[in-house]
Amino acid sequence: MRRTSDSGKTDHREIRIEDFEREILVRPICIEDFDALVEMQAACFPGMQTWAKDQIESQLERFPEGQLAVEYEGRLVASASCLIVDQEDYSVWQDWKDIADNGYIRNHDPQGDTLYGIEIMVHPEFRGLKLARRLYTARRELARRFNLARSIVGGRIPNYHLHADEMSARDYVERVLEGQLFDPVLTTQTANGFVLKQLIPDYFPSDTASRGYATFLEWTNLDYVADPRRRYQRVHNVRIAAVQYLMRSVDSVDDFEAQCRFFVDAASDYKSDFVVFPELFTTQLLSTMKPDSRPQESARRLAELTPRYLEFFTSLAIQFNINIVGGSQFVLEGDQLRNCSYLFHRDGGIDQQFKIHITPAERRWWGVVPGDKVEVFDTDRGKVAIQVCYDVEFPELSRIAAAKGAQILFVPFNTNDRDGYLRIRTCAQARCIENHVYAVISGCTGNLPFVDNADVHYAQSGIFTPSDVPFARDGVAAECTPNIETLVVRDVDIEQLRRHRLRGTVQNWNDRRTDLYKVKYRAGADGEEVEI
């Protein structure tokens with residue numbers, strides 16, 4: 001951030017990323033949440049009876065893991081309650097009071113095979129942040145953790161009262177499933193993997209908005225093991241979206257943000273865990289500024305927008321419930337200009353990786369200063385590292401990242417021709433083979449007339465794997481058509497990497513000749529040397 005002092009000299013404040021972080025947390029409910037739960041329940045379901053304190057106490061006593069809350073900036077904004085039952089004990093699922101024990105869940109069966117959802121609610125002031133998705137994801141993880149065959153819910157259809165005079169409940173739910181009508185509960189549940197099994201009348205008579213109706217929905221746990229003697233292989237899928245971003249002149253920062261929002265929204269619709277933007281795609285914003293005769297000054301002016309960039313992508317990560325690798329952006333540390341990639345976690349946190357190897361063009365045109373540390377970040381879908389463009393061409397960095405546990409390398413890049421792109425792609429694929437990791441490259445296409453060192457672009461974004469029998473042909477999980485604006489989405493299996501490192505056709509990591517060569521690097525604030 002730049003400002004002018006009384007002496008007329010320009011000084012720079014260091015940007016503190018913690019000033020832009022937000023905290024969103026899925027956690028267990030505790031009895032101290034009772035007042036906030038009742039307040040939220042009254043706001044969500046006006047006219048319906050709220051929980052009594054002894055009901056919440058009973059739920060926490062019998063199945064504390066199944067009572068979940070979402071906390072945003074210290075405030076309780078969503079919750080979900082459930083219990084475990086045995087499917088054989090219930091021939092029908094039409095009596096909420098019976099199955100949920102009128103909210104006391106004294107029938108909770110730790111040896112059961114079915115997770116039954118009692119209630120899920122999101123405070124009206126915080127709807128639109130995909131908080132229900134977080135809770136349904138947490139429930140699915142519970143089902144896997146306790147090896148349950150399914151998750152069952154009896155869902156409300158609160159918008160039915162708006163159409164009850166013109167159609168039956170059956171017609172209403174069919175139109176919701178076909179996408180002709182929107183229901184805030186049923187639409188959300190089916191979007192989160194639940195399948196409608198039955199329409200239940202008189203399920204909750206006091207629910208006048210649903211006219212007493214409820215839907216019986218089921219999610220099937222594909223990881224369920226019915227017979228412990230059956231051989232079982234775990235799957236840990238991570239869904240990744242790589243953006244291929246079209247550079248063209250824009251009239252304002254708002255135009256740039258609208259383009260970014262589109263891609264994040266699209267990736268979220270695919271239920272992606274990560275979306276990756278290209279290196280320095282923010283140079284598009286230079287088209288909104290008066291050209292400067294010195295490109296280094298233009299880069300520093302662009303760095304002044306970093307606070308807005310951080311605020312914007314933090315809000316997107318939370319709103320769309322997705323981890324965002326925000327390409328990279330110029331940032332000033334004192335008087336030093338750096339090329340920095342930020343990881344925006346969907347829980348509101350931010351991590352950063354400075355580009356370590358600076359190209360001759362970056363040094364000459366913009367005066368970029370290199371970083372000096374390889375970071376590996378813990379995320380809700382595994383450990384990841386970011387290697388900004390040129391960095392992936394130095395195999396030592398990936399060795400260090402893999403030694404620290406990285407399973408996915410994110411490579412935002414920005415190249416102006418096919419030769420440059422092929423260096424990125426070829427090296428990224430080599431890093432996959434050498435280290436048993438996945439690599440994701442995301443680049444820019446299009447043109448920015450009159451923007452020095454960012455005028456032409458060439459890209460083919462892609463997702464790469466090790467080259468062996470269990471993985472995709474040619475080591476390419478997915479890639480875009482070159483030089484068009486698009487998005488590529490693919491699942492990668494982290495568990496498969498672990499098995500491959502142990503039992504692959506070749507085992508590059510295990511077969512390194514560390515008796516002949518090692519990678520030595522400085523780690524930590526004290527510069528301690530580490531060998532791998």
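Helix 7 (253–269) and helix 9 (306–319) each put at least two residues into the lining of the largest cavity. This is a predicted model, so to speak: local features need pLDDT of at least 70, side-chain atom pairs count only at pLDDT 80 or more, and totals for chains, interfaces and linings use all residues. Residues are numbered from 1 along each chain as its sequence is written, and side-chain values use heavy atoms, without hydrogens and water.

**Exercise 1.** Work out which residues line the largest cavity.

*Solution.* Start with the term: on a 1 Å grid over the protein atoms alone, a cavity is a set of points where a 1.4 Å probe fits but cannot get out, and lining residues have an atom within 4 Å of a point. Next, search the whole structure, which gives three cavities of 30 Å³ or more. The largest has a volume of about 70 Å³, counted as the space filled by probe spheres set on the points. Finally, read off the lining: Val253, Phe256, Glu257, Thr282, Leu285, Leu305, Arg308, Tyr309, Phe312 and Gln329.

**Exercise 2.** Decide whether His123 is buried or exposed.

*Solution.* Then take its relative accessible area, 7%. Buried means under 20%, exposed over 50%, partly exposed in between (1.4 Å probe, protein chains only), so His123 is buried. Last, list its contacts (heavy atoms within 4.5 Å): not counting residues up to four places away in sequence, His123 touches Met40, Ala43, Cys44, Arg75 and Val77.

Note on methods: On a 1 Å grid over the protein atoms alone, a cavity is a set of points where a 1.4 Å probe fits but cannot get out, and a pocket is an open set with protein on both sides within 12 Å along at least five of seven lines; lining residues have an atom within 4 Å of a point. Helices (H or I, at least four residues) and strands (E, at least two) are DSSP runs, numbered from the N terminus.
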